[in-house]
2 protein chains.
Amino acid sequence: MREFVVVGHEAPTTPDFALDDLAGGAGRLDVLCRCVTAGLLFSHGVREDARVHLVVGDSESGGGGDGHGDGADDERGDQGDGQAWTVTVDGARVRRLNPDERSTAALLRGALADREEAIGHLPAEPSPGVEIRRFGLETTLDELVGDATVVELHEDGEPVVDVTPPDEVAFVLSDHRDFTDAEAALLADRADARVRLGPERLHADQAIVVAHNWLDTDGFTRY
Amino acid sequence: MREFVVVGHEAPTTPDFALDDLAGGAGRLDVLCRCVTAGLLFSHGVREDARVHLVVGDSESGGGGDGHGDGADDERGDQGDGQAWTVTVDGARVRRLNPDERSTAALLRGALADREEAIGHLPAEPSPGVEIRRFGLETTLDELVGDATVVELHEDGEPVVDVTPPDEVAFVLSDHRDFTDAEAALLADRADARVRLGPERLHADQAIVVAHNWLDTDGFTRY
């Protein structure tokens, strides 16, 4: 299984955004949409062995809240209500996932719309293969990626070619912003490896594409 | 210089499409938008050594028409009027290129809106670094990519790791459809190499990302 955990620092936590304004009013949801499609789609098909987890809201929250919104967190893109959410899209089960940003955003909006149905550690699943949980980054790593090798993608990491591709792997990466200090500290403790994919800094979705290619080719050896 | 020539088989040739419906009414312009951003953007910047050429319309046209539309080719997505158009986006000069599909589509729509200003082999340049010419695939290869090594990306090609990364390279790839027989024949004659990027078939924009990474790392050796 290939897992991609993407921390979104500027993403909406409610469905109150317009699909026509993903890169503006929706606080850069476009970045996360591209991560979902990069993680799960290839030509004419879905990668059934992959899942993408989008962590939005307060990623430092431990998650597992009481399941009742406090009514103050209904603003678009609010990152400060102390609640994190993780939307998981599972390649094995998702339906109607298309490569364009807009339709992917609609799928994610559906998950955010049902977020209050997620109670404790239990997810809501508004459509097949799309789940939302009250999980922050730490809980997502603990509860969702299992025993996978956790690989932090980072410009200061080890060259990816010096690492043996793991069978079960969870890549952790940030959106267009850097990890916060707390996230970085968590990953310093939790990641099994920290790798870089090349000399250039890539967008998160581009990094996912290269990571897949690295695994597809078993470390650039199998074509 | 890195050139990416993308043949769009289902793309509009006029500006009469809605930005809200890129993957439907605009005939999969979304695919070409992602190719532009994959080719020209990385984290927090533009690849100034790269250009993306989108060939739309009748790619088998030699291009270099007389500069006067016949009035019958004003339908959205019309591929059959015998005229091809190539929209070139130049990383060194483009302004206001953002990673989301919608704003990229607006940039391309501006080029299509000015297409009748392109006369013979002369381009129209409706905004800095965005040009449109009456060129098909063959003329684009002849006139725009200069002496670059022409590399066809194809699932039956040689493994990319067996090829030395050229200094000046023009990758030619197709959108979500295969090359037509005529395009394939042209490339059989014109391409210096035919390579594959891995065992899995990728989307065009994903292939561009991997191709960049191959060049960035000088064949997966420099990190």
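How many residues lie between E6(B) and E7(B) in the hairpin that they form? The first view gives the reply, and the legends below refer to a predicted model in which local features need pLDDT of at least 70, side-chain atom pairs count only at pLDDT 80 or more, and totals for chains, interfaces and linings use all residues. Residues are numbered from 1 along each chain as its sequence is written, chains are lettered from A and ligands numbered from 1 in the order in which they are written, and side-chain values use heavy atoms, with hydrogens and water left out.

**View 1. The hairpin of E6(B) and E7(B).** Two residues separate the strands, and Gly129(B) in the turn has a positive phi of about 80°. E6(B) and E7 (residues 130-133) of chain B run antiparallel and are joined by two bridges, with Val130(B) in E7(B) as the bridge partner of Ser127(B). Strands (E, at least two residues) and helices (H or I, at least four) are DSSP runs, numbered from the N terminus.

**View 2. The open sheet of chain B.** Eight strands follow the order E6-E7-E5-E4-E1-E9-E8-E10 with mixed pairing, where two strands pair if DSSP finds at least two bridges between them. Strand E6 (124-127) and strand E10 (193-196) of chain B are the edge strands, each pairing on one side only. Neighbouring strands are turned by 30° against each other on average, direction ignored, the axes being lines fitted to C-alpha atoms, for helices over the stretch in contact, with angles running from 0 to 180 degrees between N-to-C directions.

**View 3. Helix H4 (residues 181-190) of chain A.** Glu183(A), Leu186(A) and Leu187(A) are buried (under 20% relative accessible area, with exposed over 50% and partly exposed in between, for a 1.4 Å probe and protein chains only). Seen down the axis of H4(A), the buried residues fall within an arc of 95°, so they line one face of the helix; the arc is that of the directions from the helix axis to the C-beta atoms. The face turned away from this buried side carries the exposed residues Asp181(A), Ala188(A) and Asp189(A).
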